[in-house]
Structures are given as structure tokens and as C-alpha cells.
Amino acid sequence: MSLLDKLDTVAAARKALLPEGIDVFGTPIEEVYSSTEAKIGGRRILFLGTNNYLGLTFAAECLQAAHAAIDSEGTGTTGSRMANGSYSGHRALERELADFYHCQSCIVFTTGYQANLATISGLAGTGDVVLIDGDSHASIYDGCRLSGAEIIRFRHNDMADLDKRLRRLGERSRSTLIIAEGIYSMLGDRAPLADIVRLKNTYNSILLLDEAHSLGVLGQTGQGLVEETGLISDVDFITGTFSKSLGGIGGYCASNHPQLDQLRYVSRPYIFTASPTPATIASTRAALKLLHDGIELRQQLWKNVHQLYSRLHKLGYQLGPEPSPVIAILLDTPQQALMLWKGLLEHGIYVNLILPPAAPDGKSLVRCSVSAVHTSEQMDYVGQSFAELRDSIFQ
Amino acid sequence: MASDYPEILQKLCHHLKQLTGPDVEILPQTDLINQLAIDSVKLLNLIMEIEDEFDISVPINALADVQTVQELANLIHQIKSAKQ
Ligand SMILES: Cc1ncc(COP(=O)(O)O)c(C=O)c1O
């Protein structure tokens with residue numbers, strides 16, 4: 001099959017599954033009104049699929065900082081972190097993130113995707129083992145592939161399974177990197193961190209925790225699962241992203257291991273790409289302060305989470321195992337998921353659609369993300385819309 | 001080929017039938033993805049079952065060279081023999 005024929009096969013498979021007339025995976029947003037509302041297809045719609053957990057994308061402090069940085073430092077750095085692209089702002093943000101975690105050092109990357117690629121491929125290499133949760137994000141899989149280490153998966157959040165796989169490795173568990181996520185992006189459940197830490201200590205492995213979805217969401221100051229569980233000193237490396245609760249784009253890795261700094265010299269995703277723009281760094285620094293002090297935002301976020309999760313549960317929808325800002329509705333067939341997604345859009349609600357094989361266990365998902373700045377009325381309207389759609393989905 | 005090879009093949013076919021249904025014919029040269037329609041995620045999950053069945057670690061990187069049932073059986077055999 002030629003290179004282009006292969007893409008035609010992909011297009012045919014997508015066409016067979018998806019309806020004509022709407023671009024499910026590329027819906028254009030015509031105008032953005034606020035952190036929660038936009039214009040799509042000429043209509044006002046509610047965002048319920050963004051990862052804007054604290055609603056900071058229009059925070060006055062962040063806008064102001066970004067405007068000032070553009071005016072004083074220009075639109076882009078046009079250089080990599082290694083050459084021309086490390087401004088004092090990048091360094092300051094690294095310091096502030098290290099202080100935020102009360103740890104020794106932090107490296108800022110251009111995206112969260114690259115933070116995982118850079119950290120995993122910098123830490124592990126040929127002959128080492130990476131032991132990853134089966135539901136890991138694509139950036140973790142890709143980082144593992146880039147590393148050249150042997151990739152072994154354990155069953156999602158199954159600690160007996162992780163134990164078994166570590167035991168099988170024998171002495172090699174000492175050169176093994178275990179990877180988990182604070183909150184999983186598919187089902188919204190937390191990693192059982194205390195058990196993972198116990199196992200990594202028993203087998204003398206190294207632990208990396210991706211807090212992409214838990215930063216700003218869990219813990220008193222928003223550090224994530226490490227703070228909620230009080231286990232920060234047992235996690236070797238924390239990665240995360242600016243593209244969710246911080247409302248920007250970029251990523252980081254924080255650690256108490258002094259070796260972290262060496263990633264700057266060996267990690268290709270750090271070296272061979274341009275650094276984040278001055279505006280991005282400035283808005284992220286402002287957002288990090290708001291996130292740290294955002295106890296009320298977190299309270300509001302969790303209030304919204306519980307309101308929607310319990311409403312959907314009462315309506316009989318099958319949900320991810322625990323309430324979290326990622327609320328996944330599990331459906332048996334792609335057709336049902338598509339119908340629900342489309343029905344919600346017709347009600348003016350824009351959510352995420354995840355079809356097999358991207359969704360776990362052959363299920364299809366309609367995934368909602370809740371924000372602190374969703375109003376109680378908006379949450380009510382969402383619940384009402386799910387109620388109206390239920391019977392047509394499950395008939 | 002060592003004596004436990006037929007047993008590996010037989011156990012592997014048993015696991016494959018759970019994915020394809022009992023009526024599908026599975027031969028050593030059967031292509032996992034194109035003929036049995038086992039998608040990438042199903043294949044990854046199958047590997048976890050195989051690891052447990054044979055008490056071995058099968059790095060998913062090794063799957064890059066695996067297309068047929070026989071190639072997968074060979075891989076299992078190779079890892080199993082290296083362990084003993
Ligand atoms: C768990 C996880 N890690 C990393 C990333 C990548 O983050 P970014 O959007 O900054 O590339 C994501 C984003 O989707 C994610 O869900």
C-alpha cells in the first residue's frame with residue numbers, strides 16, 4: 001500500500017463512522033466570548049470540554065502580564081531554550097515552580113507533551129524499563145518510545161498488577177521508571193499514589209507523576225495529587241502542563257534530584273524546539289500565583305463537579321469511577337456516543353467525543369470538563385439537557 | 001524448535017479466540033491486525049494477558065516486528081527461553 005493510500009484508508013474508516021456535514025474533531029470556534037462561552041456554527045454555545053479548570057484564560061492579571069510582555073519582549077523568542085531562547089522570564093518561572101513545589105529545581109518546556117517526551121527520554125534509555133499505566137496519555141507512550149527503553153504496561157490503577165510486573169523484572173526493577181498520572185485524562189480517576197509509592201520503594205524504582213489534570217485541582221495550594229496525599233517527597237519527578245488550569249501553553253518537570261538539570265543537555269525535545277513566547281511565560285507566571293491562592297476557585301470547581309456528577313449518576317448514565325473535573329460518560333457503542341455528542345451540541349453544549357481505539361476497553365466516551373467559573377445555572381442547564389437526551393440515547 | 005513451542009502456540013490461540021470469537025480460523029501465518037482485525041489497543045491488552053499466562057515481561061517495543069501469530073509465538077518463546 002502506498003503512503004497516500006494508507007491515509008485514504010484512514011479517511012474511509014472515519015467517514016464510515018462519523019456523520020456528514022459536521023467536523024466532529026475539528027469544530028471551528030468562531031468567536032470566544034469568555035472562559036465558558038463561544039460562538040460555533042453561528043450560535044452561542046457553552047464550553048464543557050475545555051481543560052480550563054480554574055477559568056483563568058481571561059483573568060485580568062494574566063491578560064495584563066501577557067500584553068506587557070509582548071510590548072517589551074516581542075511576539076516570540078525565535079530560539080530554543082539552549083540558544084537565544086532562555087529569557088529571564090523563563091528562568092524566573094522555573095524558580096517559581098520549584099518554590100511552588102518546595103523542591104530544588106524545575107525545567108520549563110514548550111508544551112506538556114514535550115515535557116513528558118523530554119523527561120522520560122532523558123531519564124530512561126536502551127536497557128532500562130519504563131512501567132506505565134495502561135491508560136497513560138499519548139505523550140507518555142511517545143516519550144517511552146523516544147527513550148528506547150523497554151515499555152511494559154500495567155493494568156490501569158491495579159496495584160496487584162503493578163506489583164506482579166515489578167516482581168517479574170527482578171534486579172531490573174532498579175533501573176525502572178514507573179509512570180502514573182495524578183488524575184487520568186480518560187476516566188477522571190486518581191492514581192492510588194500511596195500504593196504506588198510503597199511499591200516503588202520496595203523495588204527501588206524511580207517514580208514520575210504527571211499532574212497535567214490535577215495541578216490547580218487537588219491540594220490546598222493546588223500542587224495536585226502529591227499535595228492531597230502528602231506524598232510529594234516520595235515522588236521523584238513531577239511533570240505537568242500550562243495548558244489546563246494555568247490557561248496557557250507549555251509544560252514543566254520539577255524534582256529534588258540534582259540530576260534533573262542535566263536534561264537540558266541531553267533531552268532532544270528541550271533542545272530542538274523554540275522556547276515558549278514571552279507572553280506565554282508572563283501569563284503563566286501570573287496564573288501560577290492565582291492558582292496557588294485559588295482556594296475559593298477550587299471550592300467552586302469541586303461544587304460544580306459534585307453537582308454535575310451526582311445529577312448524571314441519578315439520571316443513570318455510566319460514569320468514570322469517581323467525581324473529578326474530568327467527567328467521562330461511558331457508552332457501549334460509538335453511535336450512542338456520537339448521538340449524545342451531537343444532541344448536546346444542538347442544546348448549545350460543546351463536549352469531547354472519544355471513540356475506540358482511543359477510549360479504554362472498547363467503550364466510547366463523551367467527556368465533560370468542569371470549570372470553577374461555570375455558574376450554577378449553567379450546570380443546571382447541562383443537567384437538564386442530559387435528562388432530555390437520555391431516552392433517545394438508550395432507547 | 002524447543003518442545004514447549006506447540007504449547008505456546010496453543011495457549012496463544014486460546015487467548016486470540018477470546019478476541020475474535022470461536023469460529024475464526026487461526027493459523028501460524030495468520031496476520032494479527034489485517035486478518036484478525038485486532039487493533040493496536042487490543043494487541044497491547046493481549047500482551048498483558050500473555051505476560052500473565054507465561055509469567056514473562058514482553059516489552060511492547062518488540063511488537064514492531066510482529067505481524068503474524070507465529071511471530072508472536074516466536075517472541076514469547078524467545079523471552080521464555082532467555083528467562084530459563
Ligand atoms: C495527562 C496529560 N499529560 C500531558 C498532556 C500534554 O499537555 P500539553 O497540552 O501541554 O501538550 C496532556 C494533555 O492533553 C495530558 O492529558
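## Close-up views of a predicted model

**View 1. Polar contacts link chain A and chain B.** Across the interface of these two chains, 13 residue pairs are in polar contact, both partners being at pLDDT 80 or more. Keep in mind that this is a predicted model. Six salt bridges also cross the interface of chain A and chain B.

View 2. Two or more residues each come from strand S6 (150–154) and helix H6 (159–169) of chain A. H6(A) gives the most to this side, with six residues. By class, the residues on this side of chain A are seven nonpolar, one polar and eight charged.

**View 3. Now step back to the whole contact between the chains.** Chain A brings 16 residues to the contact and chain B brings 15 residues. Together they bury about 1400 Å², with carbon and sulfur atoms giving 48% of that area.

**View 4. Meet the shell around the ligand.** The ligand is surrounded by 15 residues, and the closest are A:Gly112, A:Asp210, A:His213, A:Thr241 and A:Lys244. Sorted by class, the shell has two nonpolar, 10 polar and three charged residues. Helix H4 (residues 112–123) of chain A gives the most to the shell, with three residues.

View 5. A polar side-chain atom of A:Asp210 lies 2.6 Å from a ligand nitrogen. Taken alone, the ligand exposes 390 Å², and the protein buries 84% of that.

Methods: Residues numbered from 1 in each chain as written. Chains lettered and ligands numbered in written order. Predicted model: local features only at pLDDT ≥ 70, side-chain atom pairs only at ≥ 80, totals over all residues. Heavy atoms only, no water. Near = heavy atom within 4 Å. Polar contact = N/O pair within 3.5 Å; in protein donor to acceptor, adjacent residues only side chain to side chain. Areas by Shrake-Rupley, 256 points an atom, 1.4 Å probe, with all protein chains shown as cover. Helix = DSSP H or I, 4+ residues; strand = E, 2+ residues; numbered from the N terminus. Nonpolar A, V, L, I, M, F, W, Y, C, P; charged D, E, K, R; others polar. Contact = heavy atoms within 4.5 Å. Buried area = accessible area lost by both parts, 1.4 Å probe. Salt bridge = Lys/Arg side-chain N within 4 Å of Asp/Glu carboxyl O.
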